[in-house]
Amino acid sequence: MSVVAVKVYDDKIEMSADSIMIYGSRKELFYNNFSKIANINDMIIGVTGTCEECGLMWIFAKNHRPTSATERDVLEFIAEFADWKRNRTGNSNIDCHYLLAYEGKAFIIQNYMVLEVNRYSSIGAGAEYALAALYLDKTAPEAVKVACDLSCYVSEPIITYVMEKGEKTNASN
């Protein structure tokens with residue numbers, strides 16, 4: 001249960017995520033120990049799905065990234081991750097959904113489908129609320145805030161990263 005939203009501007013990419021953690025039917029209250037969004041190796045990666053796969057992606061991304069910011073190279077990155085994951089766990093399934101910002105472009109990744117995001121996108125249980133807010137020209141953190149206010153499956157605090165096109169990433173809360 002999560003929401004991650006991305007908005008692409010002419011000069012930057014903004015990505016935000018909520019911080020809810022679910023264990024069974026219980027909401028866990030250890031927000032500072034794990035995040036659904038990270039700035040790793042010059043990439044912003046947002047994820048919805050299992051903590052296991054998310055954690056494995058954080059480890060993988062420390063030393064791997066796409067060759068370039070194209071749909072095909074991001075797909076190759078995900079295929080490499082699946083192979084790496086199989087070697088660690090015996091399971092190569094890509095079960096999580098991802099938003100990835102790299103080299104001034106944003107991508108949505110669902111299993112082995114990779115599409116460039118030209119304006120905005122959102123993934124997770126609160127995606128519809130966030131997409132409606134993005135459609136109404138809200139920022140990524142505002143869109144995640146709307147999802148937090150309206151969905152019982154997402155919760156603050158909101159974490160935001162910004163990638164200036166042509167520069168490194170910056171974090172804010």
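Okay, let's start with helix α1, residues 51–61: α1 lies across β5, β6 (43–48) and β7, and runs at about 165 degrees to β6. On terms: helices (H or I, at least four residues) and strands (E, at least two) are DSSP runs, numbered from the N terminus. Axes are lines fitted to C-alpha atoms, for helices over the stretch in contact, with angles from 0 to 180 degrees between N-to-C directions, and contact means heavy atoms within 4.5 Å.

Helix α2, residues 71–89, packs on the sheet too, touching β6, β7, β8 and β9, and its direction makes about 140 degrees with that of β9.

Quick housekeeping. This is a predicted model, where local features need pLDDT of at least 70 and side-chain atom pairs count only at pLDDT 80 or more, while totals for chains, interfaces and linings use all residues. Residues are numbered from 1 along each chain as its sequence is written, and side-chain values use heavy atoms, with hydrogens and water left out.

Now the sheet itself. It's open, with five strands in the order β5-β6-β7-β8-β9, and the pairing is antiparallel; to pair, two strands need at least two DSSP bridges between them. At the edges stand β5 (37–40) and β9 (113–117), each with a single partner strand, so one side of each has no neighbour in the sheet. From one strand to the next, the twist averages 20 degrees. Zooming in, β7 (residues 97–102) and β8 (residues 105–110) pair over six bridges, and L100 has F107 in β8 as its bridge partner.

On to α3, residues 127–135. Which of its residues are buried? A127, A130, A133 and L134, where buried is under 20% relative accessible area, exposed over 50% and partly exposed in between, using a 1.4 Å probe on protein chains only. Down the α3 axis these buried residues fall within an arc of 130 degrees, so they line one face of the helix; the arc is taken from the directions from the helix axis to the C-beta atoms. They pack against β1 (3–8), β10 (120–124) and α4 (140–150). On the other side of α3, E128 and Y135 are exposed. After α3 comes D137, with a positive phi near 70 degrees.

Last one: S16, which sits in strand β2, residues 12–17. S16 is buried, at a relative accessible area of 0%. Its side chain makes a polar contact of 2.7 Å with that of T160. By polar contact I mean a pair of N or O atoms within 3.5 Å; within protein, one must be able to donate a hydrogen and the other to accept it, and residues adjacent in sequence count only if both atoms are side-chain atoms. Leaving aside neighbours within four places in sequence, the contacts of S16 include V3, I37, P141 and I158.
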